[in-house]
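Thanks for coming, everyone. Please have the model open.

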Amino acid sequence: MNWLNLFRFSGRAGREEFASVSLVMQLASCVMSAGGLGLMLDGNEMSLLKSLFLIAAGLVMIPVSVFLVWISVSVFFRRLHDFNWSGWWYIGYLILVTVGAFMWTDIPWLFTVLGLVLILFFSLKRAPGAANRFAPAAEPFFPAVFSGRPWVLGVIVAVTVVLSLLPLFMLSVAAASL
């Protein structure tokens with residue numbers, strides 16, 4: 001497993017790498033959603049300490065978010081390369097989701113489900129193992145002790161699905177409590 005591959009846009013990414021990065025992204029999304037909801041639902045008045053904490057958290061989250069988005073996009077590009085597709089198809093998906101989210105604000109869950117279906121497809125679909133125009137076959141992401149066990153990928157994908165639906169659940173609970 002070469003950790004520097006997480007930052008590259010060239011080459012190929014296998015199912016395990018894509019599913020693992022998706023899991024980390026969903027976990028980060030849940031943590032950020034929970035933190036934001038916790039601050040939003042806090043009924044206390046805004047104090048100086050709370051204001052300083054919000055500013056510090058924002059300054060920390062900007063580089064962390066850029067770092068996570070970079071890794072996410074690079075792994076998605078390389079996963080598309082694994083299917084012998086151009087990584088630029090991902091940009092079309094981002095435009096569709098962004099425009100859709102702004103145009104249809106009454107059904108935001110639809111774009112979460114669309115993203116989840118896409119993550120499931122690329123996490124579970126086996127790509128052709130032969131070399132293609134982008135690179136030779138993707139290297140295994142996990143050490144050999146995990147790569148031969150198909151249940152590992154299943155657990156990663158199942159936890160990713162649960163974590164991707166958790167922010168929707170948290171938002172519905174928060175909306176019900178307001």
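**A helix pair and a pocket**

Helices α3 and α4 run roughly antiparallel (an angle over 145 degrees) to each other. This is a predicted model, where local features need pLDDT of at least 70, side-chain atom pairs count only at pLDDT 80 or more, and totals for chains, interfaces and linings use all residues. Residues are numbered from 1 along each chain as its sequence is written, and side-chain values use heavy atoms, with hydrogens and water left out.

Helices here are DSSP runs (H or I, at least four residues), numbered from the N terminus. α3 covers residues 89–103 and α4 covers 109–124. Their angle is about 160°, and their axes lie 10 Å apart. Axes are lines fitted to C-alpha atoms over the stretch in contact, and angles run from 0 to 180 degrees between N-to-C directions.

Who touches whom? On α3: Tyr93, Leu96, Val97, Gly100 and Ala101. On α4: Phe111, Leu114, Gly115 and Leu118. Contact means heavy atoms within 4.5 Å. These residues are seven nonpolar, two polar and no charged. Ala, Val, Leu, Ile, Met, Phe, Trp, Tyr, Cys and Pro count as nonpolar, Asp, Glu, Lys and Arg as charged, the others, Gly among them, as polar.

Now the largest pocket. The lining has 22 nonpolar, nine polar and no charged residues. α1 gives the most, with eight residues.

How values were computed. Helix = DSSP H or I, 4+ residues; strand = E, 2+ residues; numbered from the N terminus. Parallel < 35°, antiparallel > 145°, perpendicular 65-115°, else oblique.
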